Amino acid sequence: MIPFFVFFLLLQNSFFVHAILDPIDFLALQAIRKGLDDLPGSNYFASWDFTSEPCNFAGVYCDGDKVIALNLGDPRAGSPGLTGNLDPSIGKLSALAEFTVVPGRITGALPESFSQLKNLRFLGVSRNFLSGDIPASLGLLRELQTLDLSFNQLTGSIPWAIGALPALSNIILCHNHLSGSIPPFVSQRLTRLDLKHNSLSGTLLLNSLPSSLQYLSLSWNQLTGPVDYQLSRLNQLNYLDLSLNQFTGCIPGILFTFPLTNLQLQRNLFSGPVLPISQVTIPTVDISFNRFFGEISPLLSNVENLYLNNNRFTGQVPAVLVERLLSAGIQVLYLQHNFLTGIEINPRVEIPVSSSLCLQYNCMIPPVETACPLKAGKQKSRPTNQCVEWKRQKSEKTNNNITMA
């Protein structure tokens, strides 16, 4: 299938004239071919016969005598892909606007010569075995819109020069071994930033994330510090995953008004009360395994999958959450491992089969028997001394705040 932007470029001409391929592009394709082979079961290179016209090769798209797109490998699902290395001659395809490689076993570094492709808009080499650093010289690709190097073995830091690219709309570098801090991204076209499953560390700079973001995943890293200011600006987000980091501080109530379909903040060091400013309509909210405290907001009652477990919530479970659970409006309500003191629910009530409720290890005896996750443990209630101590600490903190005021 011809990439859309290639089809658009061809339509710009009133007619398409077959021409002899530019000799530089011809030699570059030969060098690229020498560095790669089909994996067993793949037959991608069968059409690459250099005694014929290269613009008719599988995955090669030309405009006149220049190669404008190179999609290496059989794109059909289940294809074994390619093996070998990416030859630096790629940089000689001066009109190249798109370069992709299907999943396979390509090894070695990403050639520095990519920086010579001034027209490159799409660079995608995911699910291979690329290693080494991401070339900082990619920061010279001012037209680059999508950079996808996910599921490789890349190391080193994310070059700050990449963050300065003005046309970027998608950055997908997840599932590598990248380290260091996250650079600021300046592109106001950036809608997707996926850096999960790396070893990134440090704090997020105040204006490092553009408000154009719709998808943000930073999970499974070692990031620290507060993010309340950064998050409050991202009002176009529809997916947010910051889980499995060491973020601290509170989360802004306005975050719950964004058009999110999934909010994943679990397993961090977030703290403070959770105070939505209006009824929350996000289907899935997971803020488990943090240090949130205070009472549970009834404004969370429209969430379908609500994970509040392993925090420091206190007080009664809002009656509206119970009502929604019993009407199957809430499918998952995990409240275990908090300091909750009560819930108004009939012990004989039947919880819908499609719904799950867990109340274990709170400052109360659960009035209903429910199936909890194995990791919730076997203890039904929290030890009394822990509940008394938590109540004392809470009282002291309140008195200190009154004194300071």
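Which strands do the buried residues of helix 5 pack against? They pack against strand 23 (305–307), strand 25 (332–334) and strand 27 (356–358), where contact means heavy atoms within 4.5 Å. This is a predicted model, in which local features need pLDDT of at least 70 and side-chain atom pairs count only at pLDDT 80 or more, while totals for chains, interfaces and linings use all residues. Residues are numbered from 1 along each chain as its sequence is written, and side-chain values use heavy atoms, with hydrogens and water left out.

**Helix 5**
- Helices (H or I, at least four residues) and strands (E, at least two) are DSSP runs, numbered from the N terminus.
- Helix 5 spans residues 319–326, and its buried residues are Leu 321, Val 322 and Leu 325; buried means under 20% relative accessible area, exposed over 50%, and partly exposed in between (1.4 Å probe, protein chains only).
- These residues sit on the same side of helix 5 because they cover an arc of only 100° around the axis, the arc being that of the directions from the helix axis to the C-beta atoms.
- An α-helix has 3.6 residues a turn, so residues three or four places apart point the same way.

**Disulfides**
- The whole structure holds three disulfides, each being a pair of cysteine sulfur atoms within 2.5 Å.
- Cys 55 and Cys 62 are joined with an S to S distance of 2.1 Å, and their link is left-handed, with -95° about the S-S bond.
- Cys 55 is buried at 18% relative accessible area, and Cys 62 is buried at 5%.
- Cys 358 is joined to Cys 372 (S to S 2.0 Å), in a right-handed link with 110° about the S-S bond.
- Cys 358 lies in strand 27 and Cys 372 in the loop between strand 27 and helix 6 (384–404), so this pair ties together parts 14 residues apart in sequence.
- Cys 363 and Cys 387 have their sulfur atoms 2.1 Å apart, and both cysteines are buried.
- In sequence order, the bonded cysteines of the protein chain pair as 1-2, 3-5, 4-6.

- Cys 174 is buried, at 3% relative accessibility, whereas Cys 250 is partly exposed, with a relative accessible area of 36%.

**The annotated N-terminal domain**
- An unreviewed UniProt entry places "domain: Leucine-rich repeat-containing N-terminal plant-type" at residues 25–63; UniProt positions are given in the numbering used here, feature names are shortened, and annotations may be inferred rather than shown by experiment.
- The end C-alpha atoms of residues 25–63 lie 12 Å apart, and the span is 26% helix and 18% strand.
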